[in-house]
Every structure is written in C-alpha cells, then in structure tokens.
Amino acid sequence: MLQQNFMMQTANSGQSQYIDQARQYMKEYMDKGYLCGQAAMKALARAYKIPLCQEIIHQSLSFTEGGGVGDRCALFQASLVLVGLQYGRISPKQNRDVMRQAALKLAEEFRREEGSYFCRDLYHGNRELCIRLAGKAAGILFDIYEGNKR
C-alpha cells in the first residue's frame with residue numbers, strides 16, 4: 001500500500017517539485033526550532049506525503065548532528081528511513097535486494113555529489129547547507145523511486 005502511494009506521487013510530479021518542497025519544509029521546521037534530525041525526517045516525509053507515526057518523528061531526533069558525534073548526516077539518515085519504508089521487507093523470507101540497492105545508490109550519490117554523507121565533513125555550522133541538502137536528498141529519493149518503477 002505504501003509503495004503504491006509513493007509511486008503514484010512521483011509519476012504525477014517532477015523531481016524539481018520534491019527538491020523545492022523539501023528545501024522549503026526543512027527551512028520551515030528549522031525556523032520553528034526543530035533540530036536537523038527531526039526537521040529532515042519531517043521535511044522529506046512531508047514532501048513525499050508519507051505519513052509518519054510519532055515514534056519515528058521522536059526517534060529521528062537521534063539523527064541530529066550525526067547522532068551527536070558527527071556521524072551520518074540527518075538528511076542521509078532520514079532518507080534511509082524512507083528507503084526502508086518504501087522497500088523494506090516484512091518477512092525474513094522476502095528478498096532484500098531492492099532495498100539494499102536503493103540504500104547503496106543513496107550512499108553513492110551523497111558521496112559523489114557532496115563528497116561524503118558524514119555530518120562532520122559537511123555541516124560546519126552552516127544551516128543553509130542543511131536546507132540545500134534537503135533538496136539533494138529529495139532529488140536522490142526521486143531518482144531511486146523512479147528507477148525502481150521500471
């Protein structure tokens with residue numbers, strides 16, 4: 001059900017719409033005082049119209065500033081959650097290759113376009129970068145969703 005929801009949305013909209021919305025929502029949430037972890041999760045999910053339970057939103061605070069130690073960027077982490085929601089398996093007997101390939105593409109694109117997906121390499125106190133990266137993450141997700149429709 002959720003997978004069909006994502007696919008129908010990307011079929012009806014262009015990549016730039018998701019990029020623009022993710023940036024707008026990221027800025028909006030940061031302006032409201034959300035830290036990057038929750039802002040990233042809420043912004044990307046909102047751009048793709050993906051409903052999230054309060055537990056996921058609450059848990060995403062742990063993504064902030066790379067888990068507090070400069071590890072993986074909150075936008076990268078939030079994107080991984082959305083990849084898992086889209087392609088994750090419910091049963092251990094289900095194939096996990098689509099999800100693994102989507103996660104690999106996400107990591108490769110972040111590294112190729114930004115040089116890293118680690119907060120310590122990217123952030124340096126630059127809030128505008130986080131807003132720009134929200135668009136980058138939304139664009140990569142769009143490419144993953146569209147590529148897996150074929």
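Which polar atom lies 2.9 Å from the backbone nitrogen of Phe118?

Mentor: First, the ground rules. This is a predicted model, so local features need pLDDT of at least 70, side-chain atom pairs count only at pLDDT 80 or more, and totals for chains, interfaces and linings use all residues. Residues are numbered from 1 along each chain as its sequence is written, and side-chain values use heavy atoms, with hydrogens and water left out.

Now your atom. It is a polar atom of the side chain of Ser116, and 2.9 Å separates it from the backbone nitrogen of Phe118. The side chain of Ser116 also makes a polar contact with the side chain of Asp121, at 2.8 Å. A polar contact is a pair of N or O atoms within 3.5 Å; within protein, one must be able to donate a hydrogen and the other to accept it, and residues adjacent in sequence count only if both atoms are side-chain atoms.

Helices (H or I, at least four residues) and strands (E, at least two) are DSSP runs, numbered from the N terminus. Ser116 counts as buried because its relative accessibility is 5%. Buried means under 20% relative accessible area, exposed over 50%, and partly exposed in between (1.4 Å probe, protein chains only). Setting aside neighbours within four places in sequence, Ser116 is in contact (heavy atoms within 4.5 Å) with Phe110, Arg111, Asp121 and Leu122.

Compare a helix residue. Gln38 lies in helix H3 (residues 36-47). Its relative accessibility is 14%, so Gln38 counts as buried. Not counting residues up to four places away in sequence, Gln38 touches Ile57, His58, Ser60, Leu61 and Thr64. Met26 is twelve residues from Gln38 along the chain, and their C-alpha atoms are separated by 9.4 Å.

Two backbone angles deserve a check. Most residues other than glycine have a negative phi. Lys49 is not a glycine, yet its phi is positive, near 55°. Lys49 lies in the loop between H3 and helix H4 (54-59). At 51% relative accessibility, Lys49 counts as exposed. Glu65 is not a glycine either, and its phi is about 50°, again positive. Glu65 lies in helix H5 (residues 64-70). Its relative accessibility is 43%, so Glu65 counts as partly exposed.

Step back to the whole chain. It has nine helices and zero strands. Buried residues make up 47% of its 150 residues. Among contacts between residues at least 6 apart in sequence, 68% join residues at least 24 apart. The C-alpha trace spans about 40 × 30 × 30 Å along its principal axes.
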